Amino acid sequence: MFKIARTGAPQTPGADSFALGESGQELLSQFCFSEGWSGDLSNGLFRLGERAAAMHGLHEAECGLLNLVRCYDSTDRNHVLALFEQAATTSSSFCFSTTIILASGQKQPVFCVGESAGLEQRYSGSMLGVFFFPRFQLEAKGRIFNHHHQ
């Protein structure tokens, strides 16, 4: 996914100047919020942070993989499922990006980076990763919807 979103004037104080002294974390939080997740391969359950669960339209922090990816763009869903399936069989690092289709019809971009480990024994192992959510949403036609701060 490669999208450009234009919002006009910078909406974050100081966003028009780049301070070299800022840490990567400060810069990251200016443009997106992130939240960790984990997966237990012995029972197939994923545990998301509260904000990531809400962004995925989930009412519980714990869910199965199919419930996790249900809100993803339909053209990406099978690719994401295949990626998780591959990571569940071989210890690996992975990443993907897609959009979450919100109830309003807008699309929320999401980026995921993760890794799987401990797969030496059958029905064991875990996954660990982080979701990154840019602080904007896209209209269904791909244009920017709204600069969103939380």
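This is a short walk through one protein model, from the overall fold down to two residues.

Okay, some ground rules. What we have is a predicted model, where local features need pLDDT of at least 70 and side-chain atom pairs count only at pLDDT 80 or more, while totals for chains, interfaces and linings use all residues. Residues are numbered from 1 along each chain as its sequence is written, and side-chain values use heavy atoms, with hydrogens and water left out.

So, the big picture. The protein has 4 helices and 8 strands; these are DSSP runs numbered from the N terminus, with helices being H or I of at least four residues and strands E of at least two. Walk along the sequence and you get α-β-β-α-β-α-α-β-β-β-β-β. There are 150 residues, and 34% of them count as buried, meaning under 20% relative accessible area, with exposed being over 50% and partly exposed in between, using a 1.4 Å probe and protein chains only. Now take contacts, meaning heavy atoms within 4.5 Å: among those between residues at least 6 apart in sequence, 48% join residues at least 24 apart.

On to the strands. Two strands pair if DSSP finds at least two bridges between them. Strand E1, residues 32-40, runs antiparallel to E6 with 9 bridges, and Asp-40 has Ser-126 as its bridge partner there. On to E5 and E6: they are antiparallel too, joined by 7 bridges, with Gly-114 standing opposite Gly-129 in E6. Then E4, residues 93-101, and E5, residues 107-117, are antiparallel with 9 bridges, and Ser-97 sits opposite Phe-111 in E5.

Why does Gly-105 count as partly exposed? Because its relative accessibility is 30%. Its C-alpha is 7.2 Å from that of Glu-139, 34 residues apart along the chain.

Last stop, Arg-135, in the loop between E6 (126-134) and E7 (136-138). Which side chain of opposite charge is nearest to Arg-135? That would be Glu-35, 11 Å away, so to speak of a salt bridge you'd need a side-chain nitrogen of Lys or Arg within 4 Å of a carboxyl oxygen of Asp or Glu. Arg-135 is buried and has no salt bridge. For the charges, Lys and Arg count as positive, Asp and Glu as negative, and His and the chain ends are not counted. What Arg-135 does have is a polar side-chain atom 2.9 Å from the backbone oxygen of Ser-29.

How values were computed: A polar contact is a pair of N or O atoms within 3.5 Å; within protein, one must be able to donate a hydrogen and the other to accept it, and residues adjacent in sequence count only if both atoms are side-chain atoms.
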